[in-house]
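Colleague: I have a new model on screen and would like to learn how to read it. Please take me through the main features.

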Amino acid sequence: MAYRSGIDVRGRPVAPADLAPAPTVIPERFVIALSVDLRRRLGLPDELKPELPIGVITVENGTLFLNGRPIPADAAGGLAAACAAALR
């Protein structure tokens, strides 16, 4: 007999294993340090770990800040696109 969700091996219904999923907790404030990995960008040897700090992004109660200054909503989309491009 093939596996069927919610049914035991004898065909009787069973309760799901996760009866009460834990609620998602989103912090009111979190900080993201921005930097450039110069080793990777410049092709430097692996033993070097040079980082070029750019700034700090803070997300507080749904508002974005760059180095303590609010980022306008129209610029936030560009920042998200740049971050996504950097991850590729």
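Modeller: Start with the order of the elements. Along the sequence, the protein follows the pattern β-α-β-β-β-α. Helices (H or I, at least four residues) and strands (E, at least two) are DSSP runs, numbered from the N terminus. The protein holds 2 helices and 4 strands. This is a predicted model, where local features need pLDDT of at least 70 and side-chain atom pairs count only at pLDDT 80 or more, while totals for chains, interfaces and linings use all residues. Residues are numbered from 1 along each chain as its sequence is written, and side-chain values use heavy atoms, leaving out hydrogens and water.

Colleague: What is the radius of gyration of the protein, against a compact globule of 88 residues?

Modeller: The radius is taken over C-alpha atoms, and the globule rule is 2.2 Å times the number of residues to the power 0.38. A compact globule of 88 residues would come out near 12 Å, but the protein has 23 Å. Along the principal axes, the C-alpha atoms fill roughly 60 × 40 × 20 Å.

Colleague: What share of the residues counts as buried?

Modeller: Buried means under 20% relative accessible area, exposed over 50%, and partly exposed in between (1.4 Å probe, protein chains only). Of the 88 residues, 10% count as buried. Contacts (heavy atoms within 4.5 Å) are another check. Among those between residues at least 6 apart in sequence, 22% join residues at least 24 apart.

Colleague: Which strands does E2 pair with?

Modeller: Two strands pair if DSSP finds at least two bridges between them. E1 and E2 pair in the antiparallel sense over 9 bridges. Ala 33, for one, has Val 56 in E2 as its bridge partner. On to strand E3, residues 63-66: 4 bridges join E2 to E3, again antiparallel. Ile 57 stands opposite Leu 66 of E3, and Glu 60 has Thr 63 of E3 as its bridge partner.

Colleague: How many residues lie between E2 and E3 in their hairpin?

Modeller: There are 2 residues between them, and Asn 61 in the turn has a positive phi of about 50°. Next comes the hairpin of E3 and E4. Here 2 residues again separate the strands, and Asn 67 in the turn has a positive phi of about 50°. Leu 66 stands opposite Arg 69 in E4.

Colleague: Now single residues. Is Thr 58 buried or exposed?

Modeller: Thr 58 counts as buried, because its relative accessibility is 9%. The residue lies in E2, which spans residues 51-60. Not counting residues up to four places away in sequence, Thr 58 touches Arg 29, Phe 30, Val 31, Thr 63, Leu 64 and Phe 65.

Colleague: Where is Ile 26 found?

Modeller: Ile 26 is in the segment before strand E1, which covers 29-37. Ile 26 counts as exposed, because its relative accessibility is 66%. Check one distance here. Ile 26 and Asn 61 are 35 residues apart along the chain, with 9.8 Å between their C-alpha atoms.

Colleague: How many positive and negative side chains are there?

Modeller: Lys and Arg count as positive and Asp and Glu as negative; His and the chain ends are not counted. Each charge is placed at NZ of Lys, CZ of Arg, CG of Asp or CD of Glu. The protein has 10 positive and 9 negative side chains, and the centres of the two sets lie 7 Å apart.
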